[in-house]
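Q: I would like to learn how to read a protein model. Can we work through some features together?

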Amino acid sequence: MFHVLDEDYFVSSAVVAPRNVQDVQAIMRLCNDFEIPLWPFSVGRNVGYGGAAPRVPGSVGLDMGKNMARILEVNVDGAYALVEPGVTFQDLHEFLVKENLRDRLWVDVPDLGGGSVLGNAIERGVGYTPYGDHWMMHCGLEVVLPDGTLVRTGMGALPNPAADPGLPPHEQQSNPAWQLFNYGFGPYNDGIFTQSSLVGVVVKMGIWLMTNPGGYQSYLITIPHDESLHQAVEIIRPLRVGMVLQNVPTIRHVLLDAAVMGTRKKYSNSEKPLTDKEIDGIAAELGLGRWNFYGALYGPPPVREAMWSVIKSSFSQIPGAKFYFPEDMPQNKVLQIRDKTLQGIPSMDELKWVDWLPNGAHLFFSPIAKVSGDDAVAQYQLTRRRSEEFGFDFIGTFVIGMREMHHIVCIVFNRKDHDQRQKAHRLIHTLIEDAAKRGWGEYRTHLALMDQIAGTYNFNNNSLMKLNETIKNALDPKGILAPGKNGIWPNSYDKESWKIDIP
């Protein structure tokens with residue numbers, strides 16, 4: 001999805017769609033017998049990072065979501081759901097609405113509601129409520145190993161005394177604490193299944209749901225000048241660590257919001273990157289700042305009022321900062337979208353920013369840094385300078401975790417323009433090198449960049465990669481499961497021969 005190499009480079013030779021866990025086990029055993037590389041995906045909407053495509057061309061795509069899309073349980077008292085790979089955020093939200101549970105339970109959603117709940121968590125994606133770290137909110141996995149063995153992690157490894165031993169293992173009633181306590185006993189293995197080709201295919205996952213907080217209010221704070229980015233981030237850090245900022249807030253560059261609301265041609269006929277003067281004009285036309293902070297308040301009115309008084313007082317230190325609730329700006333499409341997203345209501349409207357250019361496509365460059373004004377300014381200056389060197393507008397957002405920032409830079413290009421595709425590829429390759437020199441590592445990437453980024457995590461003579469390769473070769477000796485994913489190649493592959501040339 002959103003190719004930078006030839007459109008048919010990352011292509012599957014076939015796609016199979018198992019109907020149940022036993023099918024997955026049989027497929028894994030067959031692929032072992034015939035040494036066929038297998039590339040699992042949930043629903044294939046890993047947008048900006050490769051979609052459903054395999055790293056090794058000709059792999060068999062394992063479509064886990066087409067038929068395995070059941071919501072197996074929603075537990076109100078425990079505030080969790082147990083889902084199969086094909087369950088999307090939209091599906092889970094609609095289920096809560098249909099069952100009249102929305103007034104009790106919320107789903108944390110990412111920017112786009114059409115993706116898999118399980119797939120997003122496994123790729124360590126994020127949302128924006130207080131439950132925004134999706135992997136942190138998972139609890140209990142059921143996994144098929146490369147040899148077909150079925151494993152339940154955490155408390156799921158302890159059999160339920162009430163389970164019917166006559167049923168196949170995947171149908172047996174699970175331990176009642178499986179979705180309540182992640183760790184169980186002994187080594188904690190769940191993390192080895194994330195962003196991973198090491199040991200298995202996840203066929204079920206528990207996810208914690210947010211209980212209705214008893215009140216909600218989203219808001220927007222506009223920050224008029226680039227020069228205030230440093231101050232804004234320094235204000236955010238203590239509020240976020242202290243949980244005055246309850247959710248996962250974002251500081252969005254004005255061009256990201258402008259791209260959701262319209263195409264580039266609305267503002268310029270030039271093919272050169274927009275100037276500061278033009279960007280300021282766009283901000284003025286939209287009633288936005290150069291940077292725009294979206295957040296939310298949760299809880300009964302006294303709680304929200306107390307939080308808001310601290311937040312507003314803190315951000316009022318920024319010269320020219322302005323404060324809005326959704327009803328203050330009904331024409332602001334982004335604020336209306338974020339109002340829904342921050343209360344767990346999924347949408348697909350956010351992806352409109354891809355239409356900034358004709359035949360729009362995108363890559364995500366997503367380095368991690370500490371929450372500091374110095375790092376935010378340094379990353380912004382670097383990524384904007386590089387983007388403009390390669391002929392692209394800077395479009396980006398800072399997503400503030402509890403103690404770190406995901407800086408998501410959206411490299412938007414015309415997918416039908418060969419030259420633009422190559423420039424986008426060279427740009428992100430250059431940014432990865434630039435970031436590594438400054439100690440910033442990406443948390444996720446497109447298929448074409450996996451080897452490069454894996455190579456930057458090279459402390460102590462690549463000791464982490466050697467550990468991953470040891471595990472891979474021990475548990476998947478024929479190397480059938482997602483070879484090359486995130487730079488991990490089995491012994492049966494010559495990794496040097498799979499290098500991707502930079503144009």
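This is a predicted model: local features need pLDDT of at least 70, side-chain atom pairs count only at pLDDT 80 or more; totals for chains, interfaces and linings use all residues.

Q: What does Glu84 form with Arg70?
A: Side chains of opposite charge can pair when their charged atoms come close. Here, Glu84 and Arg70 form a salt bridge, with the closest N and O atoms 2.8 Å apart. The pair links distant parts of the chain, 14 residues apart. Glu84 is in the loop between β5 (80–83) and α2 (89–98). Arg70 is in the loop between β3 (60–63) and β4 (71–75).

Q: Is Glu84 buried or exposed?
A: Glu84 has 3% relative accessibility, so Glu84 counts as buried. Arg70 has a relative accessible area of 49%, so Arg70 is partly exposed.

Q: How many salt bridges does a search of the whole structure find?
A: The search finds 25. One of them joins Arg290 to Asp226, with the closest N and O atoms 2.9 Å apart. Arg290 and Asp226 are both buried. They also belong to a network of salt bridges with Asp276, Asp280, Arg384 and Glu388.

Q: At what angle do helix α5 and helix α8 pack?
A: Two packed helices are described by the angle between their axes and the distance between the axes. Helix α5 (residues 254–261) and helix α8 (residues 333–341) pack at about 95 degrees, with axes 9 Å apart. That angle is why α5 is roughly perpendicular to α8.

Q: Which residues make the contact?
A: From α5, they are Asp257, Val260 and Met261. From α8, they are Lys333, Val334 and Ile337.

How values were computed:
Residues are numbered from 1 along each chain as its sequence is written. Side-chain values use heavy atoms; hydrogens and water are left out. Axes are lines fitted to C-alpha atoms, for helices over the stretch in contact, and angles run from 0 to 180 degrees between N-to-C directions. Helices (H or I, at least four residues) and strands (E, at least two) are DSSP runs, numbered from the N terminus. Angles under 35 degrees count as roughly parallel, over 145 as roughly antiparallel, 65 to 115 as roughly perpendicular and the rest as oblique. Contact means heavy atoms within 4.5 Å. A salt bridge is a side-chain nitrogen of Lys or Arg within 4 Å of a carboxyl oxygen of Asp or Glu. Buried means under 20% relative accessible area, exposed over 50%, partly exposed in between (1.4 Å probe, protein chains only).
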